[in-house]
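Hi,

Here's the structure I promised to pass on. Have a look, and my notes follow below.

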Amino acid sequence: MSVFTLPQAAKETALVKELSELVAHHRAACPPYARILDASGAGDRFDTVADLPWLPVRLFKNLELKSIGDDEVFKVLTSSGTTGEVSRIYLDKAAAATQTRMLGATVQSVLGPKRLPMLLVDTKSLLKDRRSFSARGAGVLGMATFGRDHVWALDSDGKPDVDAIRGFLAAHGDQPFLIFGFTYLVWLHLYEVAREHGLDLSNGTLIHSGGWKKLVDQAVDPDEFRRRLRVDAGLTRVHNFYGMVEQIGTIFLEGPSGGSLYCPDFADVVVRDPDTWAELPPGKPGLLEVVSTLPTSYPGHVLLTEDLGVVHGVDDGDWPGKRFSVRGRLPRAEARGCSDTYQGGAAPRAGAIA
Amino acid sequence: MADLQRLRDAFRTSLDLPADTPVDELQYQDNAQWDSLAHMSLIAAIEDEFSIMIDTDDVINMSSFQEAVRILGKYGVAFNE
């Protein structure tokens, strides 16, 4: 089973229809969303995914954006930003169930239907307060569903628990197993340990996320990350993913050969010129917009992120559709879309960052 | 044939419910004790109790006690009550 099946033309047709319906749905059900669309002059007919009106992802930090009644709110998800501002995402029961199911389908595209023994590159103390998980705790717990016989690779101080990792590999290392963790934790606390102790991770599949910012000091980029894990630990099945709480349940997953993220059938990306907002062709970096049909209880179906991305190709990779990568965060001033900031020359233009 | 009581006990233990709590009508989304962490314990408890390995989709779909009974049927566990 896979959710990476649709060539771009077929996906575009399906998404334009479904997302146009979602625009109408949220317009009717979420008054602040309707006011934003009216103020920006958005129409109600869209020919392409890039025509759809987007919301800056930051708005979820400032406004209560939901398309359900207060009595239908089942879960409120929050994400802490770097500045302490928090996005609030409202799910009803249907949306909560759908996001779990579609995340499951996406991950099963590379893991298959069986739950594998799972090494979590994190610490159990993450889940100490079970009424209030951090975003990291929620991420780990969400992914834990896809594994069994979970072992935590880090002790309560966040240091590698070499005995636990060795014990896990002794019990499960000779058959397929799953490793999950945030990218920098995997690098600092699993890769280094595996290299130092000569651990064999060759039957593992690694799923990791969380960005490369913290690895800049280590001079590790995505290619080097894959290469070193392969050479020093025998780990060849490595899948990075990109996703955000404002589009919960949708993840963009790295393909088997590496270097590109792919969009599941119910999602897509558009790269925009931060000066003109025009869609940029493959090869040109710009602001990343993410679209998904999953957000039904809040208007998160078309979001302009604050991340820089570039589409590498269309229908020419491991899986059909667009393949792209994320190149870090746009400097904050630029994310406001204020053209004055460019003229001072202080902020890098997107084209210069590639 | 398995005793339905074994499944009820697995639910009560995993969800930290008193021994005599009725669980036959339990729904994932309506019970505060049954959160995602408890769900993982529940799956592990059911797998141990009935010596089966439950697939990912069934973990996701096991959203009520009655659904658990139905799903366990797929794994050859039939109940006699």
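In strand β8 (residues 237-242) of chain A, A:Phe241 is the bridge partner of A:Ser209. The two strands, β7(A) and β8(A), run parallel and share five bridges (strands pair if DSSP finds at least two bridges between them; strands are DSSP E runs of at least two residues, helices H or I runs of at least four, numbered from the N terminus). Between them the chain goes through helix α8 (residues 222-233), a right-handed β-α-β crossover (clockwise from first strand over helix to second, strands pointing away from the viewer).

This is a predicted model, so local features need pLDDT of at least 70 and side-chain atom pairs 80 or more, while totals for chains, interfaces and linings use all residues. Residues count from 1 along each chain as written, with chains lettered from A and ligands numbered from 1 in written order.

β7(A) also pairs with β6(A), parallel again, over six bridges, and there A:Phe182 sits opposite A:Ser209. Six of the six residues of β7(A) are buried (20 or more other C-beta atoms within 10 Å of their own, C-beta atoms being placed from the backbone).

Over in chain B, the axes of α1 (residues 4-15) and α2 (residues 36-50) come within 9 Å and cross at roughly 145° (lines fitted to C-alpha atoms over the stretch in contact, angles from 0 to 180 degrees between N-to-C directions). The contact includes B:Phe11 of α1(B) and B:Leu42 of α2(B) (C-beta atoms, placed from the backbone, within 7 Å).

Cheers

Notes:
A residue is buried if 20 or more other C-beta atoms lie within 10 Å of its own, exposed if 12 or fewer, and partly exposed in between; C-beta atoms are placed from the backbone. Two residues are in contact if their C-beta atoms, placed from the backbone, lie within 7 Å.
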